[in-house]
Amino acid sequence: LAERDGVIWFDGEMVPWREARVHVLTHTLHYGLGVFEGIRVYATDRGPAIFRLREHTERLFNSAHILGMPMPYDRDTINAATIECVRANGLESGYIRPICFYGAEGLGLRADNLRVHVAIAAWSWGAYLGDEAIRHGIRVKTASFTRHHVNIAMCRTKAVGNYINSMLALQEAIACGYDEALLLDVDGFVAEGSGENVFLVHGGRIYTPELTSALNGITRQTVITLAREAGYEVIEKRITRDEVYIADEAFFTGTAAEVTPIRELDGRTIGEGRPGPVTRQLQSIYFDQVHGRRNTHPEWLTHVR
Ligand code: PMP
C-alpha cells in the first residue's frame, strides 16, 4: 500500500504517496494514543460522492477531544482536505483514511512536547469482506476476547489502541475458519463485530445492541434511519448470543462492511442460512442511498466534482 502513485494530505500539504512517512519513534506507534476514521466515497451519476463526510469528521474531532488530543486544524479544513484527496487521486470510488497521531517529538508516557499530526489518504477499494459475503452472507464466531469495558477504553472514540481487541478477536475467528468475530461485552451481552455494528431481525422487528461498548457507527445510524423510514420498528436493547442463534436474520453494518448478512454464528445456522428478505431490502436501500440513486437525504452525499 505504501508503494504506489498518488498523493496524501499530510499536515496541511499534499505530499507524494511514497513520501508520506513517519519516524520509528512516532509516539502513537509505541502507545496507541491516536484517532482515525474510515470513510467511503461512492460513484454516483454526478461523479464521486463522499458518504456522510461531516459526520465522520465530527466523530474524528469527538474522538480526539475524548483523548485530550488538541486538533491542529478545524473541521472545515479537514473536510476540504478530504475532498481534495479524492479529487487529486482521481478516484471514482474508494476508501478514505484520516488519522491523527502524536509525532516523534518525544517518547515516554510523560512526553509533554508532542505535536498532533494529521494525514488523510484515499484509494480504490472494493467490498471489505468480498462480494461473496455481501451476496451470500458470512460465518461468524463469538470471540473468547471480551469487548472493552467503558472505563478501560473510551468506547465513543475510534482510537488506534482500541483495535488491539478487534484484532485479537478477528485473528481468532479466522484461525478457527470463520469470516468474522462477534464480541460480547463485560456482562456477556452482544456488543459488535471487530469492525462492524450488529443487527438482528426477529418477528419482523429489527434489534441492535444499545451503545455502551460498541462504536457509534455511522452506518448503524444510517441503517436505523433507513429502516424506520421503510416502516420497520427498530429497537435498541441488550441482546444475548442465543438470541442471535434463533434470530430470523442477522447482519453487520460498517463503512467497510456496508450491510453484510450473517448466515451462521458458532456453527448455528441463522434463519434459512442465507440473506433474509429484510436484510436484502435494507442492503438494497443502503446501496441505492450511497450511490445517490434515491432522492432522500441529499445532505449525506458530498459531491467531489
Ligand atoms: N464498530 C467498530 C469497532 C468499528 O471499527 C466500526 C468501523 N468504523 C464500526 C463499528 C462501524 O462504524 P461505521 O459504520 O461508522 O463505519
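Reader: Hi! So a salt bridge is a side-chain nitrogen of Lys or Arg within 4 Å of a carboxyl oxygen of Asp or Glu. How many of those does the structure hold?

Author: The structure holds 19 salt bridges. Keep in mind that this is a predicted model, where local features need pLDDT of at least 70 and side-chain atom pairs pLDDT 80 or more, while totals for chains, interfaces and linings use all residues. Residues are numbered from 1 along each chain as its sequence is written, and side-chain values use heavy atoms, with hydrogens and water left out.

Reader: Nice. Which residue does Arg139 form a salt bridge with?

Author: Glu264, and their closest N and O atoms are 3.0 Å apart. Here strand 8 (residues 138–142), with Arg139, is linked to strand 15 (residues 258–265), with Glu264, and the two residues are 125 apart in the chain. Arg139 is partly exposed at 23%, whereas Glu264 counts as buried because its relative accessible area is 13%.

Reader: What about Asp187, which residue is its salt-bridge partner?

Author: That would be Arg238, with 3.3 Å between the closest N and O atoms. Asp187 is exposed at 53%, while Arg238 is partly exposed at 44%. There is also a network: salt bridges with shared partners join Glu3, Asp5, Arg18 and Arg21.

Reader: Switching topic: how many residues surround the ligand, and which are the closest?

Author: There are 15, and the closest are Tyr163, Glu192, Ile218, Thr219 and Thr255. The shell has three nonpolar, seven polar and five charged residues. In that sorting, Ala, Val, Leu, Ile, Met, Phe, Trp, Tyr, Cys and Pro are nonpolar, Asp, Glu, Lys and Arg charged, and the others, Gly among them, polar.

Reader: Which side chain has an N or O atom 2.6 Å from a ligand oxygen?

Author: The side chain of Thr219. Arg59 has a side-chain N or O atom 2.8 Å from an oxygen of the ligand, and for Lys158 the distance is 2.9 Å, to a nitrogen of the ligand. On its own the ligand has 380 Å² of accessible area, and the protein covers 96% of that. Those areas use the Shrake-Rupley method with a 1.4 Å probe; for residues, only the protein chains shown count as cover.

Reader: Thr219 is in helix 6, I see. How far does helix 6 reach?

Author: Helix 6 (residues 218–229) has 12 residues and reaches 17 Å from first to last C-alpha, close to the expected 16 Å. The expected span is 1.5 Å times one less than the number of residues. Buried residues of helix 6 include Ile218, Thr219, Val223 and Leu226. Ala227 sits in helix 6 too, and is buried at 1%. Just after helix 6 comes Gly231, with a positive phi of about 100°.

Reader: And back to helix 3, what span should its 14 residues have?

Author: They should span 20 Å, and the end C-alpha atoms are 20 Å apart, which agrees. Its buried residues include Ile78, Ala81, Cys85 and Val86. After helix 3 comes Gly90, whose phi is positive, near 60°.

Reader: Last one! Where does Thr157 lie?

Author: In the loop between strand 8 and helix 5 (163–175). Thr157 is buried, at 3% relative accessible area.

Terms used
Near = heavy atom within 4 Å. Polar contact = N/O pair within 3.5 Å; in protein donor to acceptor, adjacent residues only side chain to side chain. Helix = DSSP H or I, 4+ residues; strand = E, 2+ residues; numbered from the N terminus. Buried < 20%, exposed > 50% of the residue type's maximum accessible area, 1.4 Å probe, protein only.
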